[in-house]
Amino acid sequence: MECQRNISEFLLMGLSSKQNTEVFCFMFFLFCYFTILSWNLLILFSIRCSSLFNQPMYYFLSHLASMDICYTSCVTPKLIGDLLAERKTISYTDCMLQVFAMHFFGMIETLILTVMAFDRCVAICKPLHYMVIMSRNRCHVFIWASWVGGVAHSFPQVMMLVCLPFCGPNEIDHYFCDVFPLLKIACTDTYIIGVLMVANSGMVASVIFVLLFGSYVVILFTLRNYSAEGRRKALSTCGSHISVVILFFGSTIFAYLRPPTTFPEDKIFALFYTIIAPMFNPLIYTLRNKEMKTAIKKVWCQMSF
């Protein structure tokens with residue numbers, strides 16, 4: 001397909017056209033973004049500045065925190081700024097970069113969540129072999145594989161979008177640039193590309209979700225042999241992971257595992273996987289984790305003195 005376009009920018013319709021609603025959303029999402037940055041940075045520094053960094057679970061958690069910051073920063077600052085702007089525009093180049101960055105960091109975060117589930121599965125099902133299986137070199141391989149997976153997922157999508165002709169209109173009924181809204185305004189038949197996008201995003205998310213669900217089923221099955229106290233601790237850890245998985249993957253699967261079209265509900269579900277889930281990640285992983293809370297207290301004490 002010949003790469004051609006007659007427009008240099010897109011007009012984002014945003015979350016709402018009502019000024020009072022936009023002011024409320026501005027305050028709310030500003031608070032959400034501040035929470036995401038502050039909590040994830042706190043987790044990142046607390047793990048890196050303590051012995052927890054040597055443990056695989058917290059090694060992966062530190063990378064998850066950094067990905068949360070990168071992922072939500074692809075969308076949230078632009079959303080906050082547009083809520084007070086009369087005309088919400090984004091250049092063609094910035095739009096394509098936003099699509100690439102969102103899917104790149106989003107896939108890395110998805111794969112890190114998968115690795116964390118595998119880590120918990122090994123810790124509970126093979127406790128005596130845990131440190132051998134989850135060696136530091138293997139942990140590095142898992143992280144590098146996540147980055148490679150992010151490139152393999154996002155690069156083909158952006159290349160297909162770049163080669164679409166856009167001749168007008170240029171209005172995107174969303175608060176950020178995403179695959180399906182862009183396919184909707186492309187002036188060519190996008191059915192085949194839409195199917196490829198569903199396979200690349202929706203099917204991948206569904207397969208990973210099934211793998212994650214299967215790992216937790218294995219964990220719950222293994223917990224039958226544990227003591228009551230052991231089951232309680234394991235269920236507390238896995239429960240927080242499951243909450244994150246359902247919140248993130250539920251909204252993602254709704255957004256991408258369907259015919260390539262758009263719905264009014266897309267904006268609401270997009271808020272869950274772009275802002276709400278990254279905001280709850282650090283809260284879930286810290287408030288129910290004694291080691292993490294102890295590490296945070298030590299960091300605060302060091303900063304105070």
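N40 is buried, its relative accessible area being 1%, where buried means under 20% relative accessible area, exposed over 50%, and partly exposed in between (1.4 Å probe, protein chains only). The structure is a predicted model, in which local features need pLDDT of at least 70 and side-chain atom pairs count only at pLDDT 80 or more, whereas totals for chains, interfaces and linings use all residues. Residues are numbered from 1 along each chain as its sequence is written, and side-chain values use heavy atoms, with hydrogens and water left out.

N40 is placed in helix α1; helices (H or I, at least four residues) and strands (E, at least two) are DSSP runs, numbered from the N terminus. Leaving aside residues up to four places away in sequence, N40 touches T35, A65, D68, I69, P278 and P282, a contact being heavy atoms within 4.5 Å. Helix α1 also holds Y33, which counts as buried at 15% relative accessibility. The contacts of Y33, again not counting residues up to four places away in sequence, are T72, S73, T76, P77 and I80. Between the C-alpha atoms of Y33 and L111 there are 23 Å, and the two residues are 78 residues apart along the chain.

Two further buried residues lie in other helices. S146 is found in helix α6, which covers residues 136-162, and its relative accessibility of 2% makes S146 buried. With residues up to four places away in sequence not counted, S146 touches I108, L111, I112 and V115. The C-alpha atom of S146 is separated by 29 Å from that of L223, a residue 77 residues apart from S146 along the chain. L212 belongs to helix α8 (residues 191-222) and is buried at 1% relative accessibility. Residues touched by L212, not counting those up to four places away in sequence, are L113, T114, A117, V245 and F249. The C-alpha atoms of L212 and F31 are separated by 31 Å, and these residues are 181 residues apart along the chain.

The chain as a whole contains 11 helices and three strands. Their order along the sequence is β-α-α-α-β-α-α-α-β-α-α-α-α-α. The radius of gyration of the chain is 21 Å, close to the 19 Å given by the globule rule for 305 residues, so the chain is as compact as a globular protein of that length. This radius is taken over C-alpha atoms, and the globule rule is 2.2 Å times the number of residues to the power 0.38. Along its principal axes, the C-alpha trace spans about 65 × 45 × 30 Å. Of the 305 residues in the chain, 51% are buried. Among contacts between residues at least 6 apart in sequence, 80% join residues at least 24 apart.

The chain exposes about 15,000 Å², of which carbon and sulfur atoms supply 68%. Accessible areas come from the Shrake-Rupley method with a 1.4 Å probe, and for residues only the protein chains shown count as cover. The chain has 22 positive and 17 negative charges, and their mean positions are 17 Å apart. Lys and Arg count as positive and Asp and Glu as negative, while His and the chain ends are not counted. The place of a charge is taken as NZ of Lys, CZ of Arg, CG of Asp or CD of Glu.

A search of the whole structure gives five salt bridges, each defined as a side-chain nitrogen of Lys or Arg within 4 Å of a carboxyl oxygen of Asp or Glu. One of them joins the side chains of E9 and R87, at 3.2 Å from N to O. E9 lies in strand β1 (residues 9-12) and R87 in the loop between α3 (76-82) and β2 (89-91), so that distant parts of the chain, 78 residues apart, are linked. E9 is partly exposed at 27% relative accessibility, whereas R87 is exposed, with a relative accessible area of 53%.

Another salt bridge is formed by E22 and K88, with the closest N and O atoms 3.0 Å apart. E22 is in helix α1 (residues 19-48) and K88 is in the loop between α3 and β2, so the pair ties together parts 66 residues apart in sequence. Both E22 and K88 are buried.

The side chains of K267 and D173 also meet in a salt bridge, at 3.0 Å from N to O. K267 lies in helix α10 (residues 266-287) and D173 in the loop between β3 (171-172) and α7 (179-185), so this pair ties together parts that are 94 residues apart in sequence. K267 is buried, with a relative accessible area of 14%, while D173 is partly exposed, with 48%.
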